[in-house]
Amino acid sequence: MNLLHVDNIVAGYGPLTILHGVSLAVDEGEIVCVLGANGAGKSTLLRAVSRLIPLAAGTISFRGKSLARVRPHQAAAMGISHVPEGRGIFGNLTVAENLTLATFASHTSGAPRVSKVYETFPVLGQRRGQLASTLSGGEQQMLAIGRAIVSDGDLFVLDEPSMGLSPLFVKSVFSIISEINKQGKTVLVVEQNATMALSHSHRAYVLENGKIVAEGTSREIARDERIKKAYLG
Ligand SMILES: Nc1ncnc2c1ncn2[C@@H]1O[C@H](COP(=O)(O)OP(=O)(O)OP(=O)(O)O)[C@@H](O)[C@H]1O
Ligand SMILES: [Mg+2]
């Protein structure tokens, strides 16, 4: 059974349809990436998965359970940890308060995982009393991933984790994603940085204009001539 199964979904914003029958599956233990140009519908797809937007057609199931009637906070409680594009942190709260809030999304005690976040990202430990809005872009990204670590979902849904980060930091974010995966978490990640995403994932899908146009192992996708031209430069 797939951990996440997206079957032929149609979704968008009001009368505007963005996803035209998208299907994908993520198995337990995988890192699956979705590549696509600006405006392809990648964030919309992730919003549909974490139930932030309604479906006009199709189904999404998580551990075999339909998410049709599930509200976003319930999806989080079921184990879907969404790190949105633009990071979704609370700017007027401190680093520590942002992490404490994330413990409420989990049914287990979050305190040990807050310490784990400070171990993974020592800079956050040093800045735990600082308002999140005053962190640098990279630090905000660490905090956003830290919140997902604290909420301890089984599926990490990451929207462009490398956005706005310097090349060195992009590398460390992806090694942290691999590390989280080795510790048993499944990851669905959307990325503009195709080279980085393909070298750190097991399988990949390519989304164009709201439709999946290619899928395969990340190795196969990285070798595909058309994809190389369009996404790998
Ligand atoms: N709240 C919204 N209301 C109306 N249209 C929206 C909304 N959010 C996104 N869109 C439109 O939906 C389309 C897909 O957007 P989406 O954010 O899913 O793309 P994306 O693949 O994530 O792009 P990017 O790489 O730039 O983040 C775009 O044309 C966008 O303008
Ligand atoms: Mg996006």
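Five bridges join strand 3 to strand 8, and the two run parallel. Before I continue, please note that this is a predicted model, in which local features need pLDDT of at least 70 and side-chain atom pairs count only at pLDDT 80 or more, while totals for chains, interfaces and linings use all residues. Residues are numbered from 1 along each chain as its sequence is written, chains are lettered from A and ligands numbered from 1 in the order in which they are written, and side-chain values use heavy atoms, with hydrogens and water left out.

Helices (H or I, at least four residues) and strands (E, at least two) are DSSP runs, numbered from the N terminus. Two strands pair if DSSP finds at least two bridges between them.

Let me stay with strand 3. Across from C33 stands V189 in strand 8. Four bridges join strand 3 to strand 9, again running parallel, and L35 has V206 as its bridge partner there.

The whole sheet is open, with six strands in the order 6-7-8-3-9-10 and mixed pairing. Strand 6 (80-83) and strand 10 (211-217) are the edge strands, each pairing on one side only.

I turn now to the helices. Helix 3 and helix 4 (residues 111-120) pack at an angle of about 135°, with their axes 10 Å apart; axes are lines fitted to C-alpha atoms, for helices over the stretch in contact, and angles run from 0 to 180 degrees between N-to-C directions. The two helices are therefore oblique to each other: angles under 35 degrees count as roughly parallel, over 145 as roughly antiparallel, 65 to 115 as roughly perpendicular and the rest as oblique.

S43 lies in helix 1 (residues 42-49) and E85 in the loop between strand 6 and helix 3 (95-103), so the pair ties together parts that are 42 residues apart in sequence. S43 counts as buried at 11% relative accessibility, whereas E85, at 34%, counts as partly exposed.

Technical notes: Buried < 20%, exposed > 50% of the residue type's maximum accessible area, 1.4 Å probe, protein only.
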